[in-house]
Amino acid sequence: MISKGVKEEISMVKKKVQTKKKVQPKKKAQMKKRIHKEKEKQIKFIGQVIKIRQTEPATVIEWPRSITHVHTYGMLSPFFKGLREGRLMAARCPNEKCPENRLWIPPRAHCPDCHTEMVWETLPNPVIGRIYTFTEVVYAGTGIELSTPYWQVDVEIPGLATIPKSYLLYGKPHIGMKVKAEFRTKNPTNTVLDYYWVPYELL
Ligand SMILES: [Zn+2]
C-alpha cells in the first residue's frame, strides 16, 4: 500500500524529471554553440608538413631550416662598394721595403708579406685580362648562386700579384684569351659575383 503522501512525492519527482528532460536539450544546444565558438579560436599549425624520408630502421624527416648569417666585409668593404659602382679595386702594400709591391685581388686588408695596412687603387676601365686557366663547373655545390654549367676562369691582370678567380658570363674560354671585366651595377648581389668577364676578342 502506498500512502497519499508518498504518492504525491512520487508525482513531484516525476514532474522534476519531466522538467529536467525539457530543459536539457536547450542547455545542450547552448553548450554546443559555446564549444563551436571556442573551437574557432583553436591553435592552428601554420608550418609546412615535414616530408618523411624513411621510416625504417628509424623515422628520418626532412626539416628545412634557413638562417641569416650576418657577415661583415670589414676593411675590405671598399672592394665591394667598387663592384657595385662598376670599379675593380685592388689593394697594394705601401711599404717601400716590402718585397711585394704589386696589387692584390682578392684584396687583403694587411700585406701578407709585411703586415702593413694596404692602400686602395682603382684599376682603370676597361680592365682587360687574359685567361690563365679555366674549368667547367657542372655541379656548383651549396651557396654558389650561379646557373650551371658555367666557366670558372682564372684571369691574369697586368700589375697584379694574384690571379683572381671569377666566371665567364658567356662564350667558350681558351688559355690566353683576352677578356674584359664587367660589373653587375644594376641589381647587384653585393658579393664577389658582381664582377665577371666577357670575351674581348672575337670568338
Ligand atoms: Zn708589404
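The model is predicted, so local features need pLDDT of at least 70 and side-chain atom pairs count only at pLDDT 80 or more, while totals for chains, interfaces and linings use all residues. Residues are numbered from 1 along each chain as its sequence is written, and side-chain values use heavy atoms, with hydrogens and water left out.

View 1. Let's start with the metal: Cys93, Cys98, Cys111 and Cys114 coordinate the zinc ion through their SG atoms, at 2.2 to 2.3 Å. Donors are N, O and S atoms within 2.8 Å of the metal (3.2 Å for Na, K and Ca); water is not among the atoms, so sites may look incomplete. The angles among the 4 donor atoms run from 97 to 114°, and the site is tetrahedral (four donors with all angles between 85 and 135 degrees). Along the chain, the donors follow the spacing C-x4-C-x12-C-x2-C. Cys98 sits in the loop between strand S3 (88-92) and strand S4 (103-104), and Cys111 in the loop between S4 and strand S5 (119-123), so this pair ties together parts 13 residues apart in sequence. Strands (E, at least two residues) and helices (H or I, at least four) are DSSP runs, numbered from the N terminus.

**View 2. The largest nonpolar core.** A nonpolar core is a set of buried Ala, Val, Leu, Ile, Met, Phe, Trp, Tyr and Cys residues joined through side-chain atoms within 4.5 Å; buried means under 20% relative accessible area, exposed over 50%, and partly exposed in between (1.4 Å probe, protein chains only). Among the 22 residues here, Leu88, Ile105, Leu123, Ile157, Tyr195 and Trp197 touch the most other members. Leaving aside neighbours within four places in sequence, Leu123 is in contact with residues including Leu88, Ile105 and Ile157 (contact means heavy atoms within 4.5 Å).

**View 3. A stacked pair, Tyr73 and Phe80.** Rings of Phe, Tyr and Trp (its six-membered ring) pair if their centres lie within 6.5 Å; planes under 30 degrees apart count as stacked, over 60 as edge-to-face and the rest as tilted. Tyr73 and Phe80 are stacked, at 3.6 Å centre to centre and 5° between the planes. Tyr73 is partly exposed at 28% relative accessibility, whereas Phe80 is buried at 11%.

**View 4. An edge-to-face pair, Tyr150 and Tyr167.** These two rings are edge-to-face, with 6.3 Å centre to centre and 75° between the planes. Tyr150 belongs to strand S7 and Tyr167 to strand S8 (residues 165-168), so the pair ties together parts 17 residues apart in sequence.

Note on methods
Four donors count as tetrahedral if all angles lie between 85 and 135 degrees; four count as square planar and six as octahedral if opposite donors are over 155 degrees apart and all others between 65 and 115; anything else is irregular.
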